[in-house]
Amino acid sequence: MTNWIQGPFPGHEVNVVFARGIPLDALTRGLRDRLREPLVYGEANGWAWAVHDMHNWDAEDYDDVDYSGMCPEGAEIVVFVTEPCSAKAFPPAFEYHRDGRAILCFSFEDIQQRVGENPDYLSAELLAANLIGPTAECGQQGDDGHDCFDHHYDDHERLVTVIADCFALPAPPLSAEVTAK
């Protein structure tokens with residue numbers, strides 16, 4: 001699952017976008033209108049999807065993409081912002097847009113700090129997966145010889161799995177020959 005957020009395109013910092021209720025050609029056109037040329041795209045399991053560079057270095061466009069502006073009434077967009085470099089203070093992030101509004105957004109580094117029109121949209125699922133709540137902290141934190149970073153990416157894997165399951169997203173590999181979940 002985490003190959004969506006851990007280097008699916010070497011040399012690229014990418015966003016993975018899933019859209020339901022938006023035809024694939026409209027999704028790719030919307031990204032191009034925002035100066036984000038899709039690297040690959042396709043359709044699977046009722047979702048159109050595209051992978052695009054996070055920024056457009058050639059156009060010196062480093063702004064975030066306005067996905068809500070691409071999401072008309074009756075449509076939804078799920079985004080994994082994959083920025084792979086936590087050392088640069090840009091951890092992976094998640095966004096959910098519906099009907100032209102940002103419903104839920106959060107950083108993988110602090111899923112306790114969720115924002116949007118409904119920051120609790122996935123709370124039940126995150127709580128059930130023990131990703132938030134009173135028992136979400138590592139039980140071995142502070143123990144001698146234990147480094148919580150050792151399971152950092154496992155936590156990301158669980159988070160991506162919870163999100164993908166909640167929205168019934170197509171399963172990787174994301175390529176022109178996508179295998180539907």
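This is a predicted model: local features need pLDDT of at least 70, side-chain atom pairs count only at pLDDT 80 or more; totals for chains, interfaces and linings use all residues.
Residues are numbered from 1 along each chain as its sequence is written, and side-chain values use heavy atoms, with hydrogens and water left out.

S5 and S6, which is residues 101-107, pair in the antiparallel sense over six bridges; two strands count as paired if DSSP finds at least two bridges between them. Ala93 has Ser107 as its bridge partner in S6. S4, residues 76-81, is also joined to S5 by six bridges, again antiparallel, and there Glu76 stands opposite Arg98.

So how enclosed is S5? Five of its six residues, 93-98, are buried, so the strand is largely enclosed by the rest of the structure. Buried here means under 20% relative accessible area, with a 1.4 Å probe and protein chains only; exposed is over 50%, and partly exposed is in between.

Now zoom out to the sheet. Six strands make an open sheet in the order S2-S3-S1-S4-S5-S6, with antiparallel pairing. S2 (38-44) and S6 are the edge strands, each pairing on one side only. Further along, S1 and S3 are antiparallel and joined by six bridges, with Asn15 opposite His52 in S3.

Which residues touch the most other members of the largest nonpolar core? They are Val78, Phe80, Phe94, Ile163 and Phe167, out of 27 residues in that core. A nonpolar core is a set of buried Ala, Val, Leu, Ile, Met, Phe, Trp, Tyr and Cys residues joined through side-chain atoms within 4.5 Å. S1 (14-20), S3 (47-53), S4, S5, S6 and helix H3 (152-167) each supply at least two residues, and H3 gives the most, with six.

Have a look at Phe94 on your screen. Leaving aside neighbours within four places in sequence, Phe94 is in contact (heavy atoms within 4.5 Å) with residues including Val78, Phe80, Leu104, Leu122, Ile163 and Phe167. Apart from this core lies another, of 18 residues, among them Val17, Ala75, Ile77 and Val79.

Methods:
Helices (H or I, at least four residues) and strands (E, at least two) are DSSP runs, numbered from the N terminus.
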